[in-house]
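Dear colleague,

I am passing on the structure below, together with some notes on what turned up in it. Please read them with the coordinates open beside you.

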Amino acid sequence: MIKKRNRKNSSENKKVKNARITIYDGISFKSKLEVYCYKKLKENGIPFEYEKYKFTLFEGVKPSILTSIFPNKQGILEVNTDKLRDITYTPDFVGDSWIIETKGRANDSYPLKLKMFRKLMENQNKYRLFMEPHNQKQVDEAIKLIKELQTV
């Protein structure tokens with residue numbers, strides 16, 4: 001028997017592993033590394049936006065030709081008519097020609113999103129640097145690179 005159903009969306013992938021939400025300057029940051037990067041950018045007078053830009057990597061679509069059928073929890077096949085949702089990416093810090101994504105431990109969807117995002121950025125030809133620091137020392141190095149870019 002085939003039933004029609006709507007699948008529930010899982011938010012399992014949205015949580016950053018081992019990150020602690022920290023509020024600083026009235027902003028809710030997802031990790032202490034984000035707070036550190038925020039402070040260093042401000043200390044160095046580098047203009048930026050925090051989680052302001054959302055990039056669409058894949059534009060969702062409502063299937064009209066393909067009928068998708070999946071087993072439910074009881075093992076019964078059901079028709080899935082859900083819209084394929086947009087795949088989006090919101091980097092942590094965006095400047096005029098650079099992007100910083102602070103990353104502790106990535107979730108399982110991040111590597112694919114990163115590839116899609118880098119391709120999008122390559123095609124847009126707007127940003128010159130994408131940096132992904134994983135610790136405070138690497139954030140400091142990223143700040144140096146931004147300052148060098150500003151002097152060019």
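A residue is called buried here when its relative accessible area is under 20%, exposed when that area is over 50%, and partly exposed in between. Glu51, with a relative accessibility of 24%, therefore counts as partly exposed. This residue belongs to the loop between β4 and β5 (55–58), and its phi is near 45°, a positive value in a residue other than glycine. Please keep in mind throughout that the model is a predicted one.

To begin with the overall picture, the protein chain contains 3 helices and 11 strands, which follow one another along the sequence in the pattern β-β-β-α-β-β-β-β-β-β-β-α-β-α. Of its 152 residues, 31% are buried, and the chain exposes about 10,900 Å², of which carbon and sulfur atoms supply 50%. Among the contacts with a separation of 6 or more, 65% are accounted for by residues 24 or more positions apart.

Turning to the strands, there is an open sheet of 4 strands in the order β4-β9-β10-β11, and its pairing is mixed. At the edges of this sheet stand β4 (49–50) and β11 (129–131), each with a single partner strand, so that one side of each is left without a neighbour in the sheet. Within the sheet, β9 (residues 93–94) and β10 (residues 98–100) pair in the antiparallel sense over 2 bridges, and Phe93 has Ile100 in β10 as its bridge partner.

Another antiparallel pairing, over 4 bridges, joins β6 and β7, where Ile69 has Val79 in β7 as its bridge partner. These two strands form a hairpin with 5 residues between them, and Gly75 takes a positive phi near 90° in it. Asn72 is found in the loop between β6 (68–71) and β7 (77–80), and it counts as buried because its relative accessibility is 13%. A polar atom of the Asn72 side chain lies 2.8 Å from the backbone nitrogen of Gln74.

Other loops also deserve a look. Asp25, in the loop between β2 (22–24) and β3 (27–29), has a phi near 55°, which is again a positive value in a residue other than glycine. Arg85, in the loop between β7 and β8, is partly exposed, with a relative accessible area of 48%; the C-alpha atoms of Arg85 and Glu59 are 7.3 Å apart in space, although the two residues are 26 residues apart in sequence.

Pro133 is found in the loop between β11 and α3 (136–151) and is buried, with a relative accessible area of 3%. Leaving aside residues up to four places away in sequence, Pro133 touches Leu33, Ile100, Glu101, Thr102, Lys103, Gln138 and Val139. One of these, Ile100, is the bridge partner of Phe93 mentioned above. From Pro133 to Gly104 the C-alpha distance is 8.3 Å, with 29 residues as their distance in sequence.

A search of the whole structure finds 10 aromatic pairs. In one of them, Tyr89 and Phe117, the ring centres are 4.5 Å apart and the planes lie at 55°, so the pair is tilted. This pair links distant parts of the chain, since Tyr89 is in strand β8 (residues 87–89) and Phe117 is in helix α2 (residues 110–124), 28 residues apart. Both Tyr89 and Phe117 are buried.

Ring pairs also link Tyr24, Phe29, Tyr38, Phe48, Tyr50 and Phe93 into a cluster. Two lysines are placed against aromatic rings: Lys39 lies over the face of Tyr24, a member of that cluster, at 4.7 Å from the ring centre, while the charged end of Lys103 sits over the ring of Tyr110, 4.2 Å from its centre. Lys103 is also among the residues that Pro133 touches.

Notes
Residues are numbered from 1 along each chain as its sequence is written. This is a predicted model: local features need pLDDT of at least 70, side-chain atom pairs count only at pLDDT 80 or more; totals for chains, interfaces and linings use all residues. Side-chain values use heavy atoms; hydrogens and water are left out. Rings of Phe, Tyr and Trp (its six-membered ring) pair if their centres lie within 6.5 Å; planes under 30 degrees apart count as stacked, over 60 as edge-to-face and the rest as tilted. Buried means under 20% relative accessible area, exposed over 50%, partly exposed in between (1.4 Å probe, protein chains only). A charge sits over a ring if NZ of Lys or CZ of Arg is within 6 Å of the ring centre and within 35 degrees of the ring normal. A polar contact is a pair of N or O atoms within 3.5 Å; within protein, one must be able to donate a hydrogen and the other to accept it, and residues adjacent in sequence count only if both atoms are side-chain atoms. Contact means heavy atoms within 4.5 Å. Accessible areas come from the Shrake-Rupley method with a 1.4 Å probe; for residues, only the protein chains shown count as cover. Two strands pair if DSSP finds at least two bridges between them.
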